[in-house]
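Welcome, and thanks for taking a look at this one with us.

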Amino acid sequence: QVQLVESGGGLVQPGGSLRLSCAASRSIFSLNAMGWYRQAPGKERELVAVIRSGGSTNYADSVKARFTLSRDNAKNTVYLQMNSLKPEDTAVYYCNAVIKIVAGPFPQEYWGQGTQVTVSS
């Protein structure tokens, strides 16, 4: 069983920054995709940023130039650096990964438990 352990959420003022971390509990053998989704109250879950197997990264238009997704292979961790935060970024952020662990037979999809990000003055 693989767990995605998230951290870094919280309350921040508009214009502030936060960094979210998502660590896989098992060593990753191969990565299809890993990144972050978010869900605001009354809205559908949406993709924020994802890094794919070839190293390419995709961002939602609403966060481009403000958010940066990075990966530390040695720590099986991805980071989402969020700058210039806006009230509309308020949501529960979920880590998502489609990965094959070292002992696993094939890639599987995993979700984190979610971390709250609130942008408010």
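## The disulfide

The torsion about the S-S bond of C22 and C95 is about -80°, so this disulfide is left-handed. Please keep in mind that you are looking at a predicted model. The sulfur atoms of C22 and C95 sit 2.0 Å from each other, and the structure holds one disulfide. Because C22 belongs to strand 3 and C95 to strand 9, the bond ties together parts that are 73 residues apart in sequence.

Are the two cysteines buried or exposed? Both C22 and C95 are buried.

Four strands form an open sheet in the order 1-3-8-7, and their pairing is antiparallel. Strand 1 (4-7) and strand 7 stand at the edges with a single partner strand each, so one side of each has no neighbour in the sheet. From one strand to the next, the twist averages 15°.

How many bridges join strand 7 to strand 8? There are six, and the two strands run antiparallel. To find your place in this pairing, look for T68, which stands opposite Q81 in strand 8.

## T77, a buried residue in strand 8

T77 lies in strand 8. Its relative accessible area is 6%, which is under the 20% cut-off, so T77 counts as buried. A polar atom of the T77 side chain lies 2.7 Å from the backbone oxygen of K75.

Leaving out residues up to four places away in sequence, T77 touches S21, C22, A23, S70, R71 and D72. One of these, C22, is also a partner in the disulfide with C95.

## The nonpolar core

The largest nonpolar core has 31 residues. Those with the most contacts inside this core are M34, W36, L80, M82, Y93 and I99. At least two core residues come from each of strand 3, strand 4 (28-39), strand 5 (46-52), strand 7, strand 8, strand 9 and strand 11 (115-119). Which strand gives the most? Strand 9 does, with six residues.

## Loops worth a look

Most residues other than glycine have a negative phi. N76 has a positive phi, near 50°, and is located in the loop between strand 7 (67-72) and strand 8 (77-82). With a relative accessibility of 14%, N76 counts as buried. S84 also has a positive phi near 50°; this residue is in the loop between strand 8 and strand 9 (91-101). At 43% relative accessibility, S84 counts as partly exposed.

Apart from its neighbours within four places in sequence, G16 is in contact with M82, N83, S84 and L85. G16 counts as buried, at 18% relative accessibility.

Notes. Residues numbered from 1 in each chain as written. Predicted model: local features only at pLDDT ≥ 70, side-chain atom pairs only at ≥ 80, totals over all residues. Heavy atoms only, no water. Buried < 20%, exposed > 50% of the residue type's maximum accessible area, 1.4 Å probe, protein only. Contact = heavy atoms within 4.5 Å. Pairing = 2+ DSSP bridges. Axes fitted to C-alpha atoms, helices over the stretch in contact; angles between N-to-C directions. Core = buried A, V, L, I, M, F, W, Y, C linked by side-chain atoms within 4.5 Å. Disulfide = S-S within 2.5 Å. Polar contact = N/O pair within 3.5 Å; in protein donor to acceptor, adjacent residues only side chain to side chain.
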